[in-house]
Amino acid sequence: MKINRRKFLKTTVAFSAAGIALLESSVVQAEWPAADFAPGSFDVTMKQLHKGKPIVESDKVEINIPEIAENGTLVPVTVTSSLKDILNIAIVVEQNPVPLAIQAAFMPELEPFISARLKLASTSFVYAIAETEKTCYSVKKKVKVTIGGCGG
């Protein structure tokens, strides 16, 4: 099948218009929980996250983050879990002005996995919290942010 430039442009414009229409629909747009990502204290953020559920430290939630970050603006983090029926996973940084860094909801069919880069204001504990129907499971790891890679 030979395609000419005119047919290619018509097809591209048609698909672009369909894509814009899809993005404008309310079905695709996610709700932004602005209150959750507002500056505040660590304790208030933790209370909002667990919604009255007990928080239990667990080895079934794993956080992979470097112990020493030479550059606090780009700290890679990965969170996984072997728990079943996880509703969402949140990453909270204790010393940041906005403690809640990431919160992702999961469908039951999906494997709970988050990979991102965080911005850390200073040396801090980084928490990963996995929420299930009845309980929140957490793990924490201390990350030391150095100034210019000098260990200070």
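**View 1. Lining of the largest cavity in a predicted model.** Leu49, Asn88, Ala90, Gln103, Ile129, Glu131 and Cys136 line the largest cavity. A cavity is a set of points, on a 1 Å grid over the protein atoms alone, where a 1.4 Å probe fits but cannot get out; lining residues have an atom within 4 Å of a point. The lining divides into 4 nonpolar, 2 polar and 1 charged residues. Here Ala, Val, Leu, Ile, Met, Phe, Trp, Tyr, Cys and Pro count as nonpolar, Asp, Glu, Lys and Arg as charged, and the others, Gly among them, as polar. The model is predicted: local features need pLDDT of at least 70, side-chain atom pairs count only at pLDDT 80 or more, and totals for chains, interfaces and linings use all residues. Residues are numbered from 1 along each chain as its sequence is written, and side-chain values use heavy atoms, with hydrogens and water left out.

**View 2. Volume of the cavity.** The count comes to 1 cavity of 30 Å³ or more. The largest cavity holds about 30 Å³ of space. A volume is the space filled by probe spheres set on the grid points, which are joined across faces, edges and corners.

**View 3. Strands around the cavity.** Strands S5 (88-93) and S8 (124-131) each supply at least two lining residues. Strands (E, at least two residues) and helices (H or I, at least four) are DSSP runs, numbered from the N terminus. S5 pairs with strand S6 (residues 100-105) in the antiparallel sense, over 5 bridges. Pairing requires at least two DSSP bridges between two strands. A hairpin of 6 residues joins S5 to S6. Ala90 has Gln103 in S6 as its bridge partner.

View 4. Glu131 belongs to strand S8. Glu131 is buried, with a relative accessible area of 5%. Buried means under 20% relative accessible area, exposed over 50%, partly exposed in between (1.4 Å probe, protein chains only). Its side chain makes a polar contact of 2.5 Å with that of Lys53. Another polar contact, of 2.8 Å, joins the side chains of Glu131 and Asn88. A polar contact is a pair of N or O atoms within 3.5 Å; within protein, one must be able to donate a hydrogen and the other to accept it, and residues adjacent in sequence count only if both atoms are side-chain atoms. Leaving aside neighbours within four places in sequence, Glu131 is in contact (heavy atoms within 4.5 Å) with residues including Leu49, Lys51, Asp85 and Cys136.

How values were computed:
On a 1 Å grid over the protein atoms alone, a cavity is a set of points where a 1.4 Å probe fits but cannot get out, and a pocket is an open set with protein on both sides within 12 Å along at least five of seven lines; lining residues have an atom within 4 Å of a point.
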